[in-house]
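Grab a pencil and let's work through a few exercises on a protein structure. Try each task yourself before you read the solution.

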Amino acid sequence: VTDAARGPAAKMAAPARLCRCLLPLLLAAMGAGAAAGTPGTAGCGCSASRAAGDGREEAAQRYSAAAAAGSGRSGGQGPMVLIPAGVFTMGTQEPQIQQDGEGPARRVRLGSFYMDQYEVSNRDFESFVNATGYVTEAEKFGDSFVFEGMLSEAVKADIHQAVAAAPWWLPVKGASWRHPEGPGSSISSRMDHPVLHVSWNDALAFCRWAGKRLPTEAEWEYGCRGGLESRLFPWGNKLQPKGQHYANIWQGEFPTNNTAEDGYKGTAPVITESQNGLGTDFSPNRVTMWLLSSLPPQQGPPSGTDRVKKGGSYMCHKSYCYRYRCAARSQNTPDSSASNLGFRCAASSAPGPR
């Protein structure tokens with residue numbers, strides 16, 4: 001983190017939040033041991049990493065367990081899709097970002113499970129908050145990271161810090177899921193867009209309230225691949241088959257010029273006509289990263305504090321952040337949040353009605 005008032009090279013001492021790579025918006029519930037490799041210069045930004053081990057995750061789990069007791073709810077806009085049991089190739093033998101641990105390619109067998117067809121929307125999350133009174137970690141901390149291209153000049157004028165390695169990430173006071181770009185912004189016209197500024201802990205609480213869970217990394221990648229082997233994207237190897245946009249990523253020159261050729265400068269509505277071979281809508285990758293849950297036999301190393309993120313977002317561009325591939329991955333601390341981070345839920349069996 002740099003202090004703009006002292007110049008871009010002046011680093012703040014002992015920052016409360018350390019700069020880490022912030023990727024696309026796919027949250028899954030990875031356990032503590034599921035950390036990816038340390039991101040390097042190929043990352044697409046800074047994730048708001050807060051101090052670990054302060055008891056917030058445990059408190060969130062206690063709350064969400066109580067809120068979910070006997071709920072049997074089915075959160076998420078649209079149905080859950082049954083993903084059949086099978087064997088698939090996870091990872092890649094041609095990693096594009098070595099430090100993220102994208103390889104090696106290995107065969108993984110999964111039992112059947114259910115996955116939300118769409119990302120959790122603002123409307124879904126509002127229902128959760130109205131029912132439980134839940135307060136997100138961004139709201140408790142009082143700020144969250146926002147891409148500077150989404151901010152007004154008035155908001156930016158009051159910000160005097162930036163992420164050293166990615167100056168387009170700004171800590172915005174008052175930024176939260178209700179106010180994605182800080183005070184004065186609203187989700188009133190974006191109720192069907194993915195919820196943003198949610199941490200792994202927040203996503204976990206929502207899933208438990210809904211009678212669900214976060215997907216494992218293997219489940220997420222299996223769903224992303226949609227039955228296709230050794231393909232870069234959910235739909236194949238070409239980014240734009242027949243010239244069509246299949247993913248809501250950055251068009252233009254990152255980070256200075258976003259042409260929004262696909263029709264969206266930021267997030268897009270969660271419901272579209274686009275689905276892969278398993279019936280899940282992974283193609284648009286409209287937000288940014290997901291939090292994952294690490295369950296055997298895909299739990300990764302036995303220790304660690306970060307959570308895995310997978311997916312692509314409206315901020316991803318091959319020239320800088322090539323993480324909208326199915327095999328790509330990165331990490332965040334469980335209390336991190338930002339304006340390109342969201343999630344969807346999974347379940348081991350079909351949840352009951354609300």
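This is a predicted model: local features need pLDDT of at least 70, side-chain atom pairs count only at pLDDT 80 or more; totals for chains, interfaces and linings use all residues.

**Exercise 1.** Work out how helix H2 and helix H5 are oriented to each other.

Step 1: find the angle. The axes of H2 (residues 122-132) and H5 (residues 200-209) cross at roughly 75° and come within 11 Å.
Step 2: compare with the cut-off. Angles of 65 to 115 degrees count as roughly perpendicular, so H2 and H5 are roughly perpendicular to each other.
Step 3: see who touches. H2 brings Asp124, Phe125, Ser127, Phe128, Ala131 and Thr132, while H5 brings Asp202, Ala205, Phe206 and Trp209.
Step 4: sort these residues. You get six nonpolar, two polar and two charged.

**Exercise 2.** Find the disulfide and say what it ties together.

Step 1: check the sulfur atoms. Those of cysteine 224 and cysteine 326 are 2.4 Å apart, and a disulfide needs them within 2.5 Å, so this pair qualifies.
Step 2: locate both ends. Cysteine 224 sits in helix H6 (residues 217-225), and cysteine 326 in the loop between strands S14 (307-310) and S15 (330-332), so the bond links parts 102 residues apart in sequence.
Step 3: get the handedness. The S-S torsion is about -75°, so the disulfide is left-handed.

**Exercise 3.** Decide whether cysteine 224 and cysteine 326 are buried or exposed.

Step 1: recall that buried means under 20% relative accessible area.
Step 2: read the values. Cysteine 224 has 1% and cysteine 326 has 0%, so both are buried.

Key:
Residues are numbered from 1 along each chain as its sequence is written. Side-chain values use heavy atoms; hydrogens and water are left out. Axes are lines fitted to C-alpha atoms, for helices over the stretch in contact, and angles run from 0 to 180 degrees between N-to-C directions. Helices (H or I, at least four residues) and strands (E, at least two) are DSSP runs, numbered from the N terminus. Angles under 35 degrees count as roughly parallel, over 145 as roughly antiparallel, 65 to 115 as roughly perpendicular and the rest as oblique. Contact means heavy atoms within 4.5 Å. Ala, Val, Leu, Ile, Met, Phe, Trp, Tyr, Cys and Pro count as nonpolar, Asp, Glu, Lys and Arg as charged, and the others, Gly among them, as polar. Buried means under 20% relative accessible area, exposed over 50%, partly exposed in between (1.4 Å probe, protein chains only).
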